[in-house]
Amino acid sequence: MSEMTRAPEKRKTIFSGIQPSGTLTLGNYIGALRNFARLQDDYDCIFCVVDEHAITVRQNPADLRRRCLELAAIYIASGIDPEKNLIYCQSHVSAHAELAWILNCFTYMGELSRMTQFKAKSAAHADNINAGLFTYPVLMAADILLYQTDLVPVGVDQKQHLELCRDIAIRFNGVYGDVFTVPEGYIPKVGAKIMSLQDPTRKMSKSDPEETFISLLDGPDTIRRKLKRAVTDSDASIRFDPENKPGVSNLLSIMSALGAGEISALETEFEGLGYGELKSRAADCVIAALEPLQAEFRRLIADKAYLQGVINASAEKAGYLANKTLRKVQKKVGFAAR
Ligand code: AQP
């Protein structure tokens with residue numbers, strides 16, 4: 001076939017979701033969000049506000065509702081073009097929950113019991129170890145598989161869930177033929193796991209106490225204060241050694257991920273300097289990286305009607321795509337024709 005007659009190659013699909021379970025952190029930004037805008041020219045991208053995942057932990061309804069729209073605004077403020085990509089709420093496309101139910105029947109208790117996030121969240125919310133928390137990875141698998149996703153950009157903390165999603169897809173395909181595309185992960189090389197500022201052996205999380213994370217909406221003074229108080233160590237040398245110097249290494253990772261240079265170059269630059277200088281330079285980097293996003297966020301959040309329009313239109317398109325897969329799955333497992 002000549003170049004002229006060859007059919008245009010179908011673009012690959014990317015799906016990614018973020019929970020509106022708090023204000024997004026620098027970890028969510030570096031590990032996931034900031035990579036999204038770079039991918040939109042080469043892939044068909046679907047960005048979901050995963051509100052159904054968020055209620056696996058108790059949420060205040062008014063806060064959750066507000067955060068859903070805020071997250072849509074943050075997606076757009078980070079450079080995602082809502083004209084070219086889908087930005088919508090998970091609960092607006094019922095196929096997510098419907099496919100999750102079917103996939104629950106193809107997932108084993110043993111597999112779910114091994115999930116690190118389930119263990120961590122059960123320990124953190126011992127008074128509410130609900131079945132949704134347990135089957136969270138199955139809903140995540142449904143999110144991804146509904147759209148025949150090729151690539152899933154996530155931080156390293158979601159790698160285990162993604163592996164399970166692949167196992168479920170392969171298992172289902174093994175029984176019924178090639179129903180699902182088996183997705184690949186897309187994990188950044190630097191900054192795939194940003195750690196808590198107060199306990200740098202744990203990942204930075206938006207539902208942890210305020211001083212442990214930098215929120216994407218924190219102003220310059222707050223960012224400086226939080227970084228100034230970040231836990232380091234008593235040995236004053238600035239070098240990258242996550243095992244023995246997790247706090248200092250975390251600050252170097254943050255700076256490098258935000259474009260301050262390779263980690264080895266930063267180590268040389270900071271030779272002979274103290275932690276005060278490191279923290280102050282880290283704050284400069286974070287403030288500069290977040291300023292444009294924050295300005296755009298403020299502009300967008302003032303126009304609720306626009307944001308509502310974006311999520312409504314996207315949900316309609318997502319629903320169409322998702323239902324195509326869902327109908328196929330329902331037919332394969334033997335549900336009656338309608
Ligand atoms: N600390 C992190 N470093 C790098 N990437 C991270 N991600 C989360 N924390 C870090 C990535 O952000 C995306 C969205 O995450 P999510 O909201 O769906 O769920 P999560 O991983 O459980 O994030 P949080 O902030 O820890 O939320 P809560 O506190 O509600 O559990 C994912 O791609 C994730 O890898």
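Which residues lie nearest the centre of the second largest pocket?

**Before selecting anything**

The model is predicted, so local features need pLDDT of at least 70 and side-chain atom pairs count only at pLDDT 80 or more, whereas totals for chains, interfaces and linings use all residues. Residues are numbered from 1 along each chain as its sequence is written, and side-chain values use heavy atoms, with hydrogens and water left out.

**Stop 1: the ligand**

Select the ligand and the 23 residues around it, where Lys-121, Asp-157, Ser-205, Lys-206 and Ser-207 come nearest. By class, the shell holds six nonpolar, 12 polar and five charged residues. Here Ala, Val, Leu, Ile, Met, Phe, Trp, Tyr, Cys and Pro count as nonpolar, Asp, Glu, Lys and Arg as charged, and the others, Gly among them, as polar.

Next, display the side chains of Ser-21, Lys-121 and Lys-206. An N or O atom in the side chain of Ser-21 is 2.6 Å from an oxygen atom of the ligand. For Lys-121, a polar side-chain atom lies 2.5 Å from a ligand oxygen, and for Lys-206 the distance from such an atom to a ligand oxygen is 2.4 Å. The protein covers 98% of the 640 Å² of accessible area that the ligand has on its own (Shrake-Rupley method, 1.4 Å probe).

**Stop 2: the largest pocket**

The ligand takes up the space of the largest pocket; a molecule sits in a pocket if more than half of its atoms lie within 2 Å of the pocket's grid points. Colour strand S1 (13-18), helix H1 (26-39) and helix H6 (116-124), the elements that give two or more residues to the shell around the ligand. H1 gives the most to that shell, with four residues. Helices (H or I, at least four residues) and strands (E, at least two) are DSSP runs, numbered from the N terminus.

On a 1 Å grid over the protein atoms alone, a cavity is a set of points where a 1.4 Å probe fits but cannot get out, and a pocket is an open set with protein on both sides within 12 Å along at least five of seven lines; lining residues have an atom within 4 Å of a point. The largest pocket holds about 1200 Å³ of space. Its lining has 46 residues, and Gln-117, Asp-157, Gln-158, Lys-203 and Ser-205 lie nearest the centre. H6 gives the most to this lining, with five residues.

**Stop 3: the second largest pocket**

Now select Lys-10, Thr-13, Asp-44, Tyr-147 and Leu-321, which lie nearest the centre of the second largest pocket, among its 17 lining residues. The volume of this pocket is about 350 Å³. Strand S2 (44-49) and helix H13 (304-333) each supply at least two residues of the lining, which has six nonpolar, four polar and seven charged residues.

**Stop 4: the largest cavity**

Finally, select Pro-20, Gly-22, Thr-23, Leu-24, Arg-67, Glu-70, Leu-71 and Ile-74, which line the largest cavity. About 50 Å³ of space lies inside this cavity.

Notes: A residue is near a molecule or strand if one of its heavy atoms lies within 4 Å of it. A polar contact is a pair of N or O atoms within 3.5 Å; within protein, one must be able to donate a hydrogen and the other to accept it, and residues adjacent in sequence count only if both atoms are side-chain atoms. Grid points are joined across faces, edges and corners, and a volume is the space filled by probe spheres set on the points.
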